[in-house]
Amino acid sequence: MNILAKKLLTAGASLVIGLALATTSASAANKKIAVSVPYLGFPIFAYAMKAVKDEAAKIGGVDIIELDGQNSSPKQVADIENVQVQGVDGILISPIDVNALTATVQSAIDGGTPVINVDRRVENVKGLLAFVGADNVAGGEAAARWVMARFPDGARIVHLQGQPGSSPAIDRNRGVHNVLDPVKDKYPIVAEQTANFLRADGLTVTQNILQSLDSPPEVIIAANDDSALGAFEALEGLKLQDKVTVIGYDALAYGLDSIRQDRLDATVEMQFGEQFRHALRTMVANLDTKEAQQDRIFKPFVIDKTNLDKAEQAAESN
């Protein structure tokens, strides 16, 4: 090989190495943000994860580390501890339980990693960058007021609560009771039990409740659309679907479809996708500027056949 050929080969190799190093450097420069959700088996969190990934692609220069808590607080704790060891620039977390993640999240913050709570709170933590979520107390109140408007002469109500220990379940329950307790003679809650945000539990719990009552209720208020649809299946099994009004919560596309199909009567919109998109933008803004960020609280409202076009996922529903 002559001297010129050797020089060209060496230059070419240097160029390839240089390009590889540049690519690695560019990738390393991306912001690494862990997103931890309770369980991707819950459709609402699968939707949220897609929303945050789409937003990351839109922003550019952001790598999302997907963490599925698999409905286990120990798993969610281990996930956060692992990404801390590996190194991340920020954490968005929606905790399974309001207390189980306290020590782990506090440790991350104390170690210098900014953390944003999305949708669900971690209690007794100091130094959170922000909380982004819905006012679920107001959402529960909105659902109860919708029932009162629909049944001005009164109604007997079955209440299916959400997953124990989660802040949305706690807050939605509080909101329902804030409105109905002062008028319980006219709007009594004749049965109340957790359905864990699950369709299967909504079905079985409702079946058991209906069997225990002397007569069907006029209304079922459920803490999310999945448990509401489970309740509807129980009503169908007893040929009661046309006699009981069912209201859910979340306003995902299949919940909106169910309203169109006369399965659900209403749901509560809380702009869940935008909660996660906004949380990501807030985190990126902090990483870019190191400036303090503000909480963002979304105000839920009821969706029924009169305003389906106002739902966040209206375009995705049929």
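Predicted model: local features only at pLDDT ≥ 70, side-chain atom pairs only at ≥ 80, totals over all residues.
Helix 5 passes helix 6 in a right-handed crossing. Helix 5 spans residues 136-150, and helix 6 spans residues 167-180. Two packed helices are described by the angle between their axes and the distance between the axes. For helix 5 and helix 6, the angle is about 40° and the axes lie 6 Å apart. The two helices are therefore oblique to each other.

On the side of helix 5, the contact is made by Asn-136, Val-137, Gly-140, Glu-141, Ala-144, Arg-145 and Met-148. Helix 6 contributes Pro-168, Asp-171, Arg-172, Arg-174, Gly-175, Val-176, Asn-178, Val-179 and Leu-180. By class, this contact holds seven nonpolar, four polar and five charged residues.

Rolling a probe the size of a water molecule over the atoms shows where empty space is left. Two cavities of 30 Å³ or more were found. The largest cavity has a volume of about 130 Å³. Its lining comprises 16 residues. Ile-44, Phe-45, Phe-197, Asn-224 and Asp-250 are the closest of these to the cavity centre. Helix 2 (43-59) and helix 6 are the elements that each give two or more residues to this lining. Helix 2 gives the most, with three residues. The lining of the largest cavity divides into ten nonpolar, one polar and five charged residues.

The second largest cavity holds about 60 Å³ of space. Gly-140, Ala-143, His-159, Arg-172, Val-176, Ile-221, Ala-222, Ala-223 and Tyr-249 line this cavity. Helix 5, helix 6 and strand 8 (219-222) each supply two or more of the lining residues. Among the lining residues, Gly-140, Arg-172 and Val-176 also take part in the contact of helix 5 with helix 6. By class, the lining of the second largest cavity has six nonpolar residues, two polar residues and one charged residue.

Open space was treated separately. The largest pocket contains about 190 Å³ of space. It is lined by 14 residues. Arg-150, Thr-245, Asp-262, Leu-264 and Asp-265 are the closest of them to the pocket centre. The pocket lining counts four nonpolar, two polar and eight charged residues.

Terms used:
Residues numbered from 1 in each chain as written. Heavy atoms only, no water. 1 Å grid on protein atoms, 1.4 Å probe; cavity = no way out; pocket = protein on both sides within 12 Å on 5 of 7 lines; lining within 4 Å. Points joined across faces, edges and corners; volume = space filled by probe spheres on them. Nonpolar A, V, L, I, M, F, W, Y, C, P; charged D, E, K, R; others polar. Axes fitted to C-alpha atoms, helices over the stretch in contact; angles between N-to-C directions. Helix = DSSP H or I, 4+ residues; strand = E, 2+ residues; numbered from the N terminus. Parallel < 35°, antiparallel > 145°, perpendicular 65-115°, else oblique. Left-handed = near helix turned anticlockwise from the far one by under 90°. Contact = heavy atoms within 4.5 Å.
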